[in-house]
Amino acid sequence: MRWRRRLEDLLVLLVLLLGSGVMVLPFLWMFLTALKPFPEIFELRFLPQAPTLENYRQVLWETGFPRWFLNSLLVASLTTLSVLFFDSLTGYVLARLRFPGRHLVFVLILSTLMVPTEMLVIPWYVLSAEKGWVNTYWGLLFPGLITAFGVFLMRQFFQTLPQDLFDAGRLDGLTEFGVFWRVGLPLVRPALAALGIFTFLGNWNAFLWPLIIVQTPEMRTLPVGIALFSGEAGTAWHLIMAASSLAVLPTLLVFFFFQRQIIEGVVLTGVKG
């Protein structure tokens with residue numbers, strides 16, 4: 001039985017290694033291609049014969065990549081901060097305060113998850129055009145400032161906390177917002193971390209809405225900028241790969257440092273209220 005169990009563990013390990021190789025190979029190919037000079041791009045070699053950083057220099061100094069990067073960083077960071085505050089506050093209200101219709105409000109919020117984003121871009125754009133938000137940072141930001149998924153996640157997590165902790169805060173003289181800020185938020189840090197990671201990555205990779213609302217090259221976010229740059233660059237795959245590898249680095253770093261919170265966030269979405 002012991003040898004059989006070891007054989008099963010070995011087979012599972014081999015399957016996981018094979019799957020990991022399939023997932024990692026495209027990224028490795030991208031990074032290695034970014035180090036190749038143009039003549040080597042169309043040669044069937046995995047490793048570059050003459051590695052160079054010239055491709056990265058051209059992308060950083062001869063394209064709008066730095067501006068696209070800063071735009072994406074600004075939009076993703078501000079949206080994440082907004083989602084963490086408003087979603088946690090809404091989740092706390094729905095989980096801990098008793099008022100008529102709170103379950104109906106929660107169901108209505110959840111129902112918005114069934115509406116595809118593609119159906120919302122037209123109302124968003126009409127609103128942006130009426131308010132003068134087209135080609136502005138506010139136009140990029142406002143659709144993601146609060147999310148139904150974040151409200152659901154935070155509500156479910158707040159409901160798992162003991163009520164006595166909140167009652168103790170009220171007895172100590174805290175206002176309701178003080179109870180939320182000083183008692184509730186410190187207890188839901190794992191959920192906040194997971195929600196922050198998901199929100200940042202989602203907005204960093206957002207493509208459809210920035211493509212529609214942005215009209216000038218200076219306002220492009222990174223996914224839109226790279227997509228349009230790849231069309232302009234044509235066969236300059238060494239530059240396209242260099243830009244793509246720089247764009248994917250923040251997401252890889254976020255996953256590397258916060259993979260525990262990402263996995264925990266997936267588990268938290270199934271917590272029963």
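What follows is a short chat about the pockets, a surface patch and the salt bridges of a predicted model.

Reader: What are the ground rules for this model?
Author: It is a predicted model, where local features need pLDDT of at least 70 and side-chain atom pairs count only at pLDDT 80 or more, while totals for chains, interfaces and linings use all residues. Residues are numbered from 1 along each chain as its sequence is written, and side-chain values use heavy atoms, with hydrogens and water left out.

Reader: What volume does the largest pocket have?
Author: About 900 Å³. A pocket is an open set of points on a 1 Å grid over the protein atoms alone, where a 1.4 Å probe fits, with protein on both sides within 12 Å along at least five of seven lines. The volume is the space filled by probe spheres set on the points, which are joined across faces, edges and corners.

Reader: Which residues lie nearest its centre?
Author: T117, W124, P143, G144 and T147, out of 29 lining residues; lining means having an atom within 4 Å of a point. Two or more lining residues come from each of α5 (117-131), α6 (137-141), α7 (148-159), α10 (189-204) and α11 (208-213). Helices are DSSP runs (H or I, at least four residues), numbered from the N terminus.

Reader: How does that lining divide by class?
Author: Into 21 nonpolar, eight polar and no charged residues. Ala, Val, Leu, Ile, Met, Phe, Trp, Tyr, Cys and Pro count as nonpolar, Asp, Glu, Lys and Arg as charged, and the others, Gly among them, as polar.

Reader: And what lines the second largest pocket?
Author: L252, L253, F255 and F256, four nonpolar residues. That pocket holds about 160 Å³ of space.

Reader: Changing topic, how many salt bridges are there?
Author: Four, each a side-chain nitrogen of Lys or Arg within 4 Å of a carboxyl oxygen of Asp or Glu. E54 and R57 meet at 2.7 Å, N to O, and both lie in helix α2 (residues 54-62), three residues apart. E62 also meets R57, at 3.1 Å.

Reader: What about R170?
Author: R170 pairs with D167, the closest N and O atoms being 3.1 Å apart. Both lie in helix α8 (residues 163-171), about one turn apart. Elsewhere, shared partners join E54, R57 and E62 into one network.

Reader: Is E62 buried or exposed?
Author: E62 counts as exposed, because its relative accessibility is 53%. R57 is partly exposed at 35%. Buried means under 20% relative accessible area, exposed over 50%, and partly exposed in between (1.4 Å probe, protein chains only).
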